[in-house]
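Me: I'm new to this one. Can you walk me through it?

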Amino acid sequence: MKQKFVLLASLAIGLLAALLAHAWLNAKRGEVDKLREDILRTQRVVKVIGAGKALPRGTVIEEEDLVALRVFERSTTDDNIELDARQQIVGRRLNYSIERGAPILWTYLEGGRGMEHNLSDEIQAGMRAVSIPVSGAAAVAGHVRPNDHVDVLGMFALPEDGNDENAQLVTLTVLQNVTVLATGSDTARTISAARSRAGYSTVTLLVTPREAEILVFAQQMKGRLFLALRNARDVYTEAEMPRVDFARIEGELKALNEARQSRNQATRRPGASSR
């Protein structure tokens, strides 16, 4: 009987101790939560750029290497990189290794904060950048963006037999499948969704030295240049693009419309695809 009483007493004391410990832990947890809420109310949280994975020294930073880190503003310095500056560090090389989840600092980057990305860095060896004056409808109503591919067309008043009075309007395809480096002062690295809706009056193209000569000459002729926007995956080019004047339009208009109708009917057939 005495042993049974001792056992029951021990169980009761153990249960009471467990209840008291649970109540104490809840009280402490409440104090910690309240302290955290007080800190969050008094301390501003900001987003800085961190490493999404371990990055060894010499890594050239890519977009997928970066993550946003939430930190207290008072714990940051001028060396931290704010989230809206991520495009300024993509393509930069690391001078130090960085662990996953650690913030990336300006001093970790080759060239530090002061290094700027220039348009010349986008130009491949043997190529040139040439700007042409196009805007509005000539730039596909402003839908042309950096890294797009375009054809360059020109409408010129060509004199007949050297006589300007007998000049005839002619449309020519000057270049095909040309890469756009910049629209206005915006490149693929600097353009944002907000700025992409802004207008521009020039487009900079990536061309060969000989193509650069053609574009410069075409700008000085009596006429105007236009851009035709292409799908980036479409690399097809016409082997021969004839001059277009009124006589050619009049002679080929019927054949062109018939070809378009035939192509449209083909794309509407089940299983059909268009190039």
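Predicted model: local features only at pLDDT ≥ 70, side-chain atom pairs only at ≥ 80, totals over all residues.

Reply: Residues are numbered from 1 along each chain as its sequence is written, and side-chain values use heavy atoms, leaving out hydrogens and water.

Me: How many helices and strands are there?

Reply: The chain has 3 helices and 8 strands. Those are DSSP runs, numbered from the N terminus: helices are H or I with at least four residues, strands E with at least two. The order is α-β-β-β-β-β-β-β-α-β-α.

Me: Which residues have the most contacts inside the largest nonpolar core?

Reply: Val134, Leu205, Val207, Leu215 and Leu227, in a core of 23 residues. Such a core is a set of buried Ala, Val, Leu, Ile, Met, Phe, Trp, Tyr and Cys residues joined through side-chain atoms within 4.5 Å. Strand S7 (202-207) and helix H2 (209-220) are among the elements supplying at least two residues each.

Me: Switching topic. Is aspartate 151 buried or exposed?

Reply: Aspartate 151 counts as buried, because its relative accessibility is 14%. Buried means under 20% relative accessible area, exposed over 50%, partly exposed in between (1.4 Å probe, protein chains only).

Me: What does its side chain reach at 2.8 Å?

Reply: The backbone nitrogen of asparagine 177. The side chains of aspartate 151 and arginine 230 also form a polar contact of 2.8 Å. That term means a pair of N or O atoms within 3.5 Å; within protein, one must be able to donate a hydrogen and the other to accept it, and residues adjacent in sequence count only if both atoms are side-chain atoms.
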